[in-house]
Amino acid sequence: MANLEKISREIHKQLRGRWRCYEVDIEHCDKASVGDAVRQRALCTDLTIIGPGLLNDTRLGPLVINGSLFDTGKPLLVVPEGAEATLSPRRVLVGWDSRVEASRSVREALDLLAGAEEVRVALVDPEATCSGSGAEPGADIAAYLTRHGARVLVDRLPSAGKPVPTVLAQHAIDTCANMIVMGAYGSRRMRERLFGGVTRWIVGKPPLPLFLAR
């Protein structure tokens, strides 16, 4: 508790000179209650931000990520070590798979995408179908973003046998992206916990800030 109070005072000192209106809250609870404590606060926010200290904490990090994303309907920004925490990225990579989670992540990040110099919509091994990705994969979401003022390019990427997150991460680096926007936890919660998935894989080793929504 003494350590929490000390951290709280330091944060107050930093915010006092930058913001006219802010609130600092601390919570001391058992491990089982961490997710609920985070969820309660995330419900009344626009965005939850997780920095490298918590991201690298294997004991608390996953609990906070789960509490922020599940049952809140609010987005999460993961900022890895060495990356710049910004809400005005110049270049953004959108991981698109035509699922509800991806659509919600784009909607939540719309202001960021509209203000970026370049948005690249990346699809890995897309298939042209009457439903799902459509006859021209990526065209619909590109048109949607363009109507909102975003400068969009569509990249259809072959996986060549590599995991999807590996392909997205490398493409983000190759295109000098400042942020990745993608849907979180496309599979069932229990399956995600047991077997992992794209979100869990990339959250564990994000190459740059990662904007997630579910």
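Predicted model: local features only at pLDDT ≥ 70, side-chain atom pairs only at ≥ 80, totals over all residues.
1. Helix α2. Four residues of α2 are buried: Val34, Ala37, Val38 and Ala42. They span an arc of only 130° around the axis, so they sit on the same side of α2. Residues three or four places apart in an α-helix point the same way, because each turn takes 3.6 residues. The other side of α2 carries Asp36 and Gln40, both exposed. The cover over the buried residues of α2 includes β1 and α4 (61–69). Helix α2 (34–42) also supplies at least two residues to the lining of the largest pocket.

2. The mean pLDDT of the protein chain is 88. Of its residues, 89% reach 70 or more. By element, β3 has the highest mean pLDDT, at 98. Helix α9 (residues 189–195) has the lowest, at 52.

3. Overall make-up. The protein chain has 214 residues, and 39% of them are buried. It holds 10 helices and 7 strands. Take the contacts between residues at least 6 apart in sequence: 74% of them join residues at least 24 apart.

4. Helix α5. Which residues of α5 (residues 100–108) are buried? They are Glu101, Ala102, Ser105 and Val106. These residues cover an arc of only 135° around the axis, and therefore lie on the same side of α5. Note that a glutamate, Glu101, is in the buried set. Val100 and Arg107 are exposed, on the face of α5 turned away from the buried side. The buried residues pack against two helices, α6 and α7 (139–147). They also pack against the strands β3 (91–95), β6 (179–183) and β7 (210–213).

5. The largest pocket. Its space comes to about 2100 Å³. The lining has 47 residues. Nearest the centre of the pocket lie Ile11, Glu23, Asp25, Thr48 and Ile49. By class, the lining residues are 27 nonpolar, 8 polar and 12 charged.

6. Which elements line the pocket. Which element gives the most to the lining of the largest pocket? Helix α1 does, with 8 residues. At least two residues each come from α1 (2–16), α2 (34–42), β1 (48–50), α3 (52–55) and α6 (110–115).

7. Proline 52. This residue is in helix α3. Is proline 52 buried, exposed or partly exposed? It is partly exposed, because its relative accessible area is 29%. Beyond neighbours within four places in sequence, proline 52 contacts Val79, Pro80 and Glu81.

8. Alanine 116. The loop between α6 and β4 (118–124) holds alanine 116. Alanine 116 is buried, because its relative accessible area is 0%. Setting aside residues up to four places away in sequence, it touches Pro89, Arg90, Val92 and Arg151. Arginine 151 is 35 residues away along the chain, and the two C-alpha atoms are separated by 7.5 Å.

9. Alanine 150. Here too the site is a loop, the one between α7 and β5 (152–157). Alanine 150 is buried, given a relative accessible area of 8%. Apart from neighbours within four places in sequence, its contacts are Leu113, Ala114, Val119 and Leu145. The C-alpha atoms of alanine 150 and alanine 114 are 4.2 Å apart in space, while the residues are 36 apart in sequence.

10. Histidine 171. Helix α8 (residues 164–174) contains this residue. Is histidine 171 buried or exposed? It is buried, because its relative accessible area is 14%, and the cut-off for buried is under 20%. Leaving out residues up to four places away in sequence, histidine 171 touches Leu93, Arg120, Ala122, Asp155 and Leu157.

Methods. Residues numbered from 1 in each chain as written. Heavy atoms only, no water. 1 Å grid on protein atoms, 1.4 Å probe; cavity = no way out; pocket = protein on both sides within 12 Å on 5 of 7 lines; lining within 4 Å. Points joined across faces, edges and corners; volume = space filled by probe spheres on them. Nonpolar A, V, L, I, M, F, W, Y, C, P; charged D, E, K, R; others polar. Buried < 20%, exposed > 50% of the residue type's maximum accessible area, 1.4 Å probe, protein only. Contact = heavy atoms within 4.5 Å. Arc of directions from axis to C-beta. pLDDT = per-residue confidence, 0-100.
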